[in-house]
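Have a look at the picture before reading on.

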Amino acid sequence: MRRQTIGRNEPCPCGSGKKYKKCCYGKERKHQFLPSYDEIDYGSPILDEDFFAFNTVHEISAPRLLYSTLLMPKVEKEAEKIARQFIERGKEELKTIEGTTDVSELINVMRQSSDSLNHVKLIDKLLGFKDESIPMLIDELKQPQQVDFIEIAIRVIHRSGNDYSNEILEIIKFHQRDAYAISQLCMLLGFYENKESEKLLWNYFYFFKQHFRHETYSDGPLLGLIEMREQRKENLFGHSMN
C-alpha cells in the first residue's frame with residue numbers, strides 16, 4: 001500500500017494538536033535496530049593516548065550537541081529566555097507543563113514532541129518530581145522513542161546528580177536496540193564511574209564505526225570514553241594535590 005502524504009498544514013499524526021509543519025515535519029527518522037549486545041565484541045579496551053589521538057569526534061553530531069548541553073545547562077536556559085522574547089508559540093503546552101503535578105502527564109507531553117521552547121521548563125518540572133519521574137523515564141527508554149524524548153530524558157537523568165549507570169547499562173545490554181538511543185545513552189554513561197561501562201563503550205564505538213560509517217553514532221560512545229578519561233584525570237590531579 002502506498003504511504004499517504006501528510007500536508008504541511010494538516011494536523012500532525014503524533015496527536016499533539018499542532019500543524020505537521022510545526023511539529024514532526026522533518027523530524028522523522030527510521031529506527032536502525034542493532035543486534036543483541038552479546039553479539040558485539042571487539043576485544044579488550046586499549047584506551048591509550050594513541051586511541052584518543054587517532055579517534056576524534058565529528059565537528060557536528062547529535063551526541064556532541066547533547067554533550068555540550070549537559071556540560072553547559074545555564075547557556076540553554078539563557079537561550080530559551082531570549083528566544084521567548086521573539087517567538088510566540090508553545091504557550092498552551094507551557095500552561096499544561098506549569099499547571100500539572102502529574103508526572104504521567106508531563107511524560108505524555110514528551111511523547112507528543114514537545115515544543116523546543118518548552119524543553120527547559122519541562123526538564124525543571126520533571127526534576128521537581130525526580131524520585132517519581134526518573135524511574136518512569138528509565139522504563140520508557142527501554143523501548144524505541146522519538147529523538148526529543150530520548151534527549152530530554154537524558155538531560156533529566158544527568159541533572160538529577162544521581163548515579164543511574166547500572167540502570168542505563170541494563171537498558172543498553174538487554175532492552176534498547178535503536179542505534180540513536182544507544183549512541184546517546186553511551187555518551188551519558190561516561191559521566192559515571194562504572195567498571196562495566198568502559199568495555200561496553202569500546203564495543204559500541206567500533207561497532208558503529210564499522211557498520212554505520214556514514215552516520216555519527218560512534219560519537220556517543222567516544223564522548224563517553226573521553227568524559228571518563230577526563231574525570232579520571234581530575235580525580236588523579238585531586239589526589240596528587242592532597
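## Helix α8 beside α10

Let's start with a pair of helices: α8 passes α10 in a right-handed crossing. Bear in mind that everything here comes from a predicted model. Helix α10 covers residues 179–189, and its axis is 10 Å from that of α8, at an angle of about 15°. With an angle under 35 degrees counting as roughly parallel, α8 is therefore roughly parallel to α10.

Which residues make the contact between the two? On the α8 side they are V147, I150, E151, I154, I157 and H158, while α10 brings in Y180, A181, Q184, L185 and L188. Sorted by class, that contact of α8 with α10 has 8 nonpolar, 2 polar and 1 charged residues.

## Helix α8 against α6

Helix α8 also packs with α6. How do the axes of α6 and α8 cross? They come within 10 Å of each other, and the crossing angle is roughly 50°. That angle makes α6 oblique to α8. Here, too, the crossing is right-handed, with α6 passing α8.

From α6, the residues that meet α8 are H119, L122, I123, D124, L126 and L127. Their partners in α8 are D148, I152, R155, V156 and R159. The class count for the contact of α6 with α8 is 6 nonpolar, 1 polar and 4 charged residues.

## The largest pocket

Now for the open space. The largest pocket holds about 320 Å³, and 14 residues line it. If you want to find its centre, look for T69, E76, S116, H119 and R155, which lie nearest to it.

Which of the elements gives the most to the lining of the largest pocket? That is α2, with 4 residues. By class, the pocket lining splits into 6 nonpolar, 3 polar and 5 charged residues.

How many cavities of 30 Å³ or more does the count come to? The count is 1, and the largest cavity has a volume of about 80 Å³. Around it sit T69, L70, P73, E76, K77, V120, I123, R155 and R159.

The helices α2, α3, α6 and α8 each supply two or more residues to this cavity's lining. The most come from α3, with 3 residues. By class, the lining of the largest cavity has 4 nonpolar, 1 polar and 4 charged residues.

Some names turn up in more than one place. T69, E76 and R155 line the cavity, and they are also among the residues nearest the centre of the largest pocket. I123, R155 and R159 are part of the cavity lining and also take part in the contact of α6 with α8.

## A last stop at E140

One more residue to look up is E140, which lies in helix α7 (residues 130–140). What does E140 touch, leaving out residues up to four places away in sequence? Its contacts are I107, R111, Q145 and F149.

Take I107 from that list: it is 33 residues from E140 along the chain, and the C-alpha atoms of the two are separated by 9.3 Å.

Conventions
Residues numbered from 1 in each chain as written. Predicted model: local features only at pLDDT ≥ 70, side-chain atom pairs only at ≥ 80, totals over all residues. Heavy atoms only, no water. 1 Å grid on protein atoms, 1.4 Å probe; cavity = no way out; pocket = protein on both sides within 12 Å on 5 of 7 lines; lining within 4 Å. Points joined across faces, edges and corners; volume = space filled by probe spheres on them. Nonpolar A, V, L, I, M, F, W, Y, C, P; charged D, E, K, R; others polar. Axes fitted to C-alpha atoms, helices over the stretch in contact; angles between N-to-C directions. Parallel < 35°, antiparallel > 145°, perpendicular 65-115°, else oblique. Left-handed = near helix turned anticlockwise from the far one by under 90°. Contact = heavy atoms within 4.5 Å.
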